[in-house]
Amino acid sequence: MDLLRPESVEEASAALAGSAERNGAVALGGGTDLVPLLRDGIVKADTLVELVRCIPRGLHPATQPAAAGSTSVVTIGAGTTLGELEADPQIPTALREACRLSASPQLRAVGTIGGNLLQATRCWYWRLKFPCYLHGGDRCHAKEGQHREHAFFGNERCASAHPSDPAAALLALDARIRTDRRELGMAELYRLPTDEDRDVTTLEHGELILELNVPEVSSSTYLKAMDRQRWAFALVGVGAARIGSETRIALAGAAPIPWLLESPAALERATPLAGTAYKVEIARALVRRALEAL
Ligand SMILES: Cc1cc2nc3c(=O)[nH]c(=O)nc-3n(C[C@H](O)[C@H](O)[C@H](O)COP(=O)(O)OP(=O)(O)OC[C@H]3O[C@@H](n4cnc5c(N)ncnc54)[C@H](O)[C@@H]3O)c2cc1C
Ligand code: SF4
């Protein structure tokens, strides 16, 4: 396997675009998710394109409006680590908390925010290479038997629960993303898998996330229920933000993608599996506490 270390985004984009087949060349952030997937043969690559020298890292005043009607407060380089974000007072509370409650200090020192948004599902059927729906098969094994960690929204085809805490926080914050090809909202980054396309993101192969634009918010918070107090993926994570007169709520661990909750009442429309109804109860409690905190 080759390792390329481009010095510019243009060089990195060219290396990724030059890949003849999907997975020929793959972008490498901190490698905390990608390396295990390569090791286990789930992702195949003949070339790794290391981003550390070319992707923006750190914070600077925003260059573009974040969302209709709001003022951008900060732009975050996609190469910024979760550890850097959790400690920076310029970052809205929801994102700082989501980073602080993610993974372990060692992983947060290396894992980047760009890589975190694109991390793969933790569903063990998928990670153990069962030929399930998300791998291109025709059934979701998690829908059979008892599964306590899976989704309670958007689970018609694949019932995996999106693992990213920062993604739910950024969705609640109505952040926008700049790639090497376009600008898009957080909600537009993700899609539910379909029979035609099993991807859960809308990025094209080789498209690079460069920056995130986070708007100014009146208040925000992120709450997370885990099996342990630390170093566990979310059973349910709730990001909430007040932006002007709007209150936005987004969930981690609830659907195959970060899930925007129209209102607390929308939880009544959840479609839990036999073993995940308790997660709806947790979501109800966390949403109530998050709104109180706002
Ligand atoms: C044990 C463990 C526990 C964890 N717990 C949590 C948790 O509680 N909450 C949580 O949110 N996360 C958790 N994580 C996930 C962790 O936060 C991510 O693995 C990490 O943030 C990924 O960042 P990275 O830079 O290492 O990405 P990489 O592993 O390098 O890349 C991940 C994916 O993103 C792509 N990529 C990376 N950067 C870019 C970019 N700029 N543009 C386009 N594509 C890119 C890669 O090609 C790859 O597909 C955990 C991980 C582990 C291993
Ligand atoms: S939840 Fe998704 S990833 Fe897990 S077995 Fe079902 S289809 Fe596969």
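**Notes on the predicted model**

1. The second largest pocket has a lining of 21 residues, and those nearest its centre are Arg122, Trp124, Glu149, Phe233 and Ala234. Please keep in mind throughout that this is a predicted model. The volume of the second largest pocket comes to about 450 Å³. Sorted by class, its lining holds 10 nonpolar, 6 polar and 5 charged residues.

2. Rolling a probe the size of a water molecule over the atoms shows where empty space is left. Over the whole structure, the search returns 2 cavities of 30 Å³ or more. The largest cavity has a volume of about 80 Å³. It is lined by 13 residues, with Cys123, Cys132, Leu134, Cys140 and Cys158 closest to its centre. The lining of the largest cavity includes no charged residues; it is made up of 10 nonpolar and 3 polar ones.

3. Which residues come nearest to ligand 1? They are Ala27, Gly30, Thr32, Thr112 and Asp165, out of 32 residues around the ligand. By class, the shell around ligand 1 has 16 nonpolar, 12 polar and 4 charged residues. Among the contributors to this shell are strand β2 (25–28) and the helices α6 (113–117) and α8 (165–172), each with at least two residues.

4. Three side chains deserve a check against the ligand atoms. For lysine 224, a side-chain N or O atom lies 3.0 Å from an oxygen atom of ligand 1. Glutamine 119 places a side-chain N or O atom 3.3 Å from a nitrogen atom of the ligand. For serine 102, a polar side-chain atom is 3.4 Å from a nitrogen atom of ligand 1. On its own, ligand 1 has 970 Å² of accessible area, and the protein covers 90% of that.

5. The last point concerns charged pairs. Side chains of opposite charge can pair when their charged atoms come close. With a cut-off of 4 Å between a side-chain nitrogen of Lys or Arg and a carboxyl oxygen of Asp or Glu, the count is 24 salt bridges. One of them joins the side chains of arginine 5 and glutamate 50, at 3.1 Å from N to O. Arginine 5 belongs to the loop between β1 (2–4) and α1 (9–17), while glutamate 50 is in strand β3 (residues 47–50), so this pair ties together parts 45 residues apart in sequence.

Key:
Residues numbered from 1 in each chain as written. Chains lettered and ligands numbered in written order. Predicted model: local features only at pLDDT ≥ 70, side-chain atom pairs only at ≥ 80, totals over all residues. Heavy atoms only, no water. 1 Å grid on protein atoms, 1.4 Å probe; cavity = no way out; pocket = protein on both sides within 12 Å on 5 of 7 lines; lining within 4 Å. Points joined across faces, edges and corners; volume = space filled by probe spheres on them. Nonpolar A, V, L, I, M, F, W, Y, C, P; charged D, E, K, R; others polar. Near = heavy atom within 4 Å. Polar contact = N/O pair within 3.5 Å; in protein donor to acceptor, adjacent residues only side chain to side chain. Areas by Shrake-Rupley, 256 points an atom, 1.4 Å probe, with all protein chains shown as cover. Helix = DSSP H or I, 4+ residues; strand = E, 2+ residues; numbered from the N terminus.
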